Amino acid sequence: MRIKANYANEPFWKESIIHSKMPKELKILDEIAHNLWWVWNYEATELFSKIDKALWNSMEGNPVLMLKSLSFKQLEAITKDEVLMAAIHKVYAKFRSYMDEPKRTDIPSVAYFSMEYGLANILKIYSGGLGVLAGDYIKEASDINVDLTAIGFLYRYGYFNQSLSMDGQQIANYEPQRFGQLPLQPVLNESGLPLVLEIPYNNFKVWCNVWCVNVGRIKLYLMDTDVDGNSEWDRAITAQLYGGDNENRLKQEYLLGIGGIQLLNRLGIKKQIYHCNEGHAALINAQRLVDYIQNAHLSFNEAIEVVRASALYTCHTPVPAGHDYFEEPLFNKYMNQFPAKLGISWQDFMDMGRANPGSTEKFSMSVFALNTCQEANGVSYLHGEVSKKMFAPVWKGYFPSEMHVGYVTNGVHMPTWAASEWRKFYEKNLGVDLYKDQSNPEIWKKIYQVEDEEIWEVRKTLKNRLVKYIRESFKDNWLKNQGDPSKVVSILEKINPNALLIGFGRRFATYKRAHLLFTDLERLSKIVNNPDCPVQIIYTGKAHPADGGGQGLIKKIVEISRLPEFLGKIFFLENYDMRLAKRLISGVDIWLNTPTRPLEASGTSGEKAEMNGVLNFSVLDGWWYEGYREGAGWSLTEQRTYDNQQFQDELDAATIYSMLENEVIPLYYAKNSKDFSPEWIQYIKNSIAQIAPHYTTKRMFEDYIDRFYNKLANRSKILSANGFAKPKEIVAWKENMAANWDSIEVLSFQLDDRYLKEVEIGDTVKFSLVLDKRGIKGNLGVEMVRLHFDSVTKDEKIKIYKMNLDKTEESKVYYSLKLNASEAGTFKFGVRIYPDNSDLPHRMDFAYVKWINL
């Protein structure tokens with residue numbers, strides 16, 4: 001046998017991380033680095049930058065990685081630098097003063113569940129607006145000092161990094177996160193070893209590492225299934241945010257909901273409110289039901305009363321297609337053990353996720369959330385109204401306008417998103433008390449007392465910083481995908497901080513209509529090529545890897561930006577993340593948003609721009625429907641002119657061109673001898689004074705407390721008292737009502753004959769009704785429902801008149817109503833019966849309705 005000349009198997013590698021030992025004097029610096037408090041405190045980020053600016057920038061603002069990368073000699077030099085050490089101690093004193101404040105006890109405690117959190121660009125557990133909103137929310141919870149615990153996932157690959165091919169095609173790059181280099185720490189068990197959580201799925205188990213991110217005073221616990229004991233398929237559960245197929249999505253939502261509650265149980269954490277940030281987390285209530293049934297020995301019906309009373313579902317999606325649905329066989333594969341634990345049938349369990357119980361519909365996480373949460377809300381006024389219509393099929397006896405679904409308009413965490421220059425400006429001119437009272441408009445009105453020139457200096461600084469950032473950060477990428485180095489240099493030189501800069505940055509979904517400005521290229525070319533009034537437009541954003549339409553939009557914009565007439569006038573910046581977002585929303589002059597009405601649930605990028613003196617130009621949709629003020633930005637009407645979307649797009653594009661040509665550009669270039677437009681500064685002042693205070697997470701969190709948290713906590717406390725006496729009483733009432741509902745008999749219904757013929761304004765019409773309740777023990781309510789079609793608004797107006805209970809004779813009940821005719825028109829009317837109990841939070845809690853055949 002011939003001896004082989006070479007023979008080797010594949011190498012096996014283990015990672016070893018070596019870093020310098022941290023001197024004890026710098027342990028406080030490491031403590032700050034491991035708490036994301038530094039993200040929204042510029043004194044801390046300036047301190048890290050001061051230690052080694054080049055290293056800080058190369059590490060993309062990651063203090064944990066930066067400190068680990070410093071040599072022992074560098075660390076020792078820091079300890080010997082008296083000025084630097086004094087700065088470190090000053091920042092640490094501020095940090096400890098913040099951290100050591102006791103938790104507030106006047107606000108209900110909250111457990112918060114979300115699939116993603118946008119906290120900092122270095123922690124890649126977010127994809128876009130939903131995650132950034134969740135991140136801002138828990139930062140605000142820290143600032144308000146609420147007792148809140150957050151639950152989510154630590155993704156190995158997070159969301160993708162975006163690059164562009166030579167022809168402008170999006171390329172999705174998934175780069176693994178190195179957890180040891182991030183501001184997080186493993187949670188330890190009682191023995192001081194890393195906690196490994198065991199989550200029972202159906203017929204198998206999944207093990208999770210548990211990590212903790214300190215977000216100021218808030219603990220964010222993240223589950224991670226990239227554990228050696230798991231199968232390849234189960235390790236992939238937390239591999240990618242929104243990655244994999246529908247089955248992996250179900251496994252993720254199972255882990256977030258059921259695993260999330262089991263994690264809190266393992267840590268001994270109990271809260272008053274359980275808040276689902278989107279339907280992804282709906283299964284928390286499945287596990288909570290099991291816990292009450294097994295531990296408190298409640299029946300299913302009793303347990304669901306208790307679970308509902310402390311649960312809130314926040315919906316961020318304006319269309320049914322955007323919600324998660326699962327086919328019954330797939331759902332059964334993972335959830336078939338739950339009905340037995342709950343003491344109900346599989347059909348009953350499936351029906352909890354169906355708008356039409358008894359049908360063959362897929363299981364909807366959103367419907368399950370609605371059926372297991374007492375309260376639900378949209379994320380802007382308009383979105384709340386859209387959500388009422390979207391969810392109306394769940395409660396068929398009522399009209400959308402009667403739904404209990406409320407709203408809290410999203411806000412942004414001002415200390416995170418206001419550039420440090422604006423932070424210092426606000427502290428000087430509005431006072432440091434602003435941070436604790438951000439939603440007070442009176443404080444923000446002090447902006448009117450500030451000299452115009454001071455405001456313009458801040459704007460100029462940030463515009464120049466954006467241009468510098470683009471030139472430094474995108475040169476290499478553009479050299480790679482533009483091909484011609486001389487062309488790249490020319491483009492970089494053409495970026496003009498003195499031009500009117502328009503920014504457009506968001507997820508590239510087709511309804512966002514990123515293409516709108518390119519409807520008439522000839523007209524757009526005239527706008528951007530005016531030598532006296534230069535305009536430049538900066539685009540950025542990612543499309544979901546499965547969204548071919550969104551990727552096509554990116555490619556189209558890149559292609560247009562390379563046309564000779566648009567070269568150096570229109571730019572596309574790749575890899576939109578939180579770092580780029582902050583540069584862009586503070587550095588442009590106008591933030592453009594052009595969604596298809598009414599598909600913008602809220603949108604928060606424009607709110608971030610508000611905090612930086614950037615003016616919004618947007619469709620009146622989402623938050624801007626509420627936020628727009630004349631003289632503080634520009635708007636496109638919320639009303640549609642055409643049903644045909646192409647025609648509507650062309651009209652909206654023409655309106656944008658016209659407003660740019662006749663209003664926006666002339667206002668910006670109405671410059672005085674100091675080279676700025678006083679009229680433009682007045683718009684900025686109006687925007688900051690009249691809009692900004694209403695769109696912070698401070699106001700948003702206060703709304704959640706006032707509209708939902710207090711209400712839930714109070715009712716939950718009542719239901720939990722005296723061995724759950726109240727829910728048992730409510731259940732007995734509901735069971736009696738349900739068992740006898742179909743037995744209700746209408747003995748008589750009488751109305752004035754004139755009402756069916758012709759009534760004059762001022763006439764009084766009488767109605768009477770006699771019912772036999774049969775076996776029903778509780779009260780029944782009766783209402784006259786009147787419908788009137790409004791020919792102007794094209795809406796159906798609903799008016800409710802409750803009939804008076806005149807007397808009761810055994811099982812017979814007598815009702816009457818006197819109706820004064822005060823409006824002219826043609827009306828439809830009907831009469832409905834409903835269960836009446838003051839212990840219910842709202843009608844949708846027990847939505848039994850019987851319409852009388854008149």
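**Salt bridges and a sheet**

D452 forms a salt bridge with K685, and their closest N and O atoms lie 2.8 Å apart. This pair connects distant parts of the chain, since D452 belongs to helix α20 (residues 452–482) and K685 to helix α28 (residues 678–690), 233 residues apart. The model in which this pair is found is a predicted one. Side chains of opposite charge can pair when their charged atoms come close. The two partners can also be described by their accessibility. K685 has a relative accessibility of 5%, which is under 20%, so K685 counts as buried.

A search of the whole structure finds 50 salt bridges. Another of them joins E600 to K512, with the closest N and O atoms 2.9 Å apart. E600 lies in the loop between β18 (590–593) and α25 (605–610), while K512 lies in the loop between β15 (500–505) and α22 (521–528), so the pair ties together parts that are 88 residues apart in sequence. Both E600 and K512 are buried.

A further salt bridge is found within a single helix. E559 pairs with K555, the closest N and O atoms being 2.6 Å apart. Both residues lie in helix α23 (residues 548–561), and they are 4 residues apart, about one turn of the helix. E559 is partly exposed, with a relative accessible area of 39%. K555 is partly exposed as well, with a relative accessible area of 22%. Elsewhere, salt bridges that share partners join R156, D226, D228 and R235 into one network.

The next topic is the pairing of strands. Strands of a sheet pair through backbone hydrogen bonds, either parallel or antiparallel.

Which strand is joined to β25 by 5 bridges? The partner is β26 (residues 812–820), and the two strands run antiparallel. Within this pairing, E809 stands opposite K812 in β26.

Methods. Residues are numbered from 1 along each chain as its sequence is written. This is a predicted model: local features need pLDDT of at least 70, side-chain atom pairs count only at pLDDT 80 or more; totals for chains, interfaces and linings use all residues. Side-chain values use heavy atoms; hydrogens and water are left out. A salt bridge is a side-chain nitrogen of Lys or Arg within 4 Å of a carboxyl oxygen of Asp or Glu. Buried means under 20% relative accessible area, exposed over 50%, partly exposed in between (1.4 Å probe, protein chains only). Two strands pair if DSSP finds at least two bridges between them.
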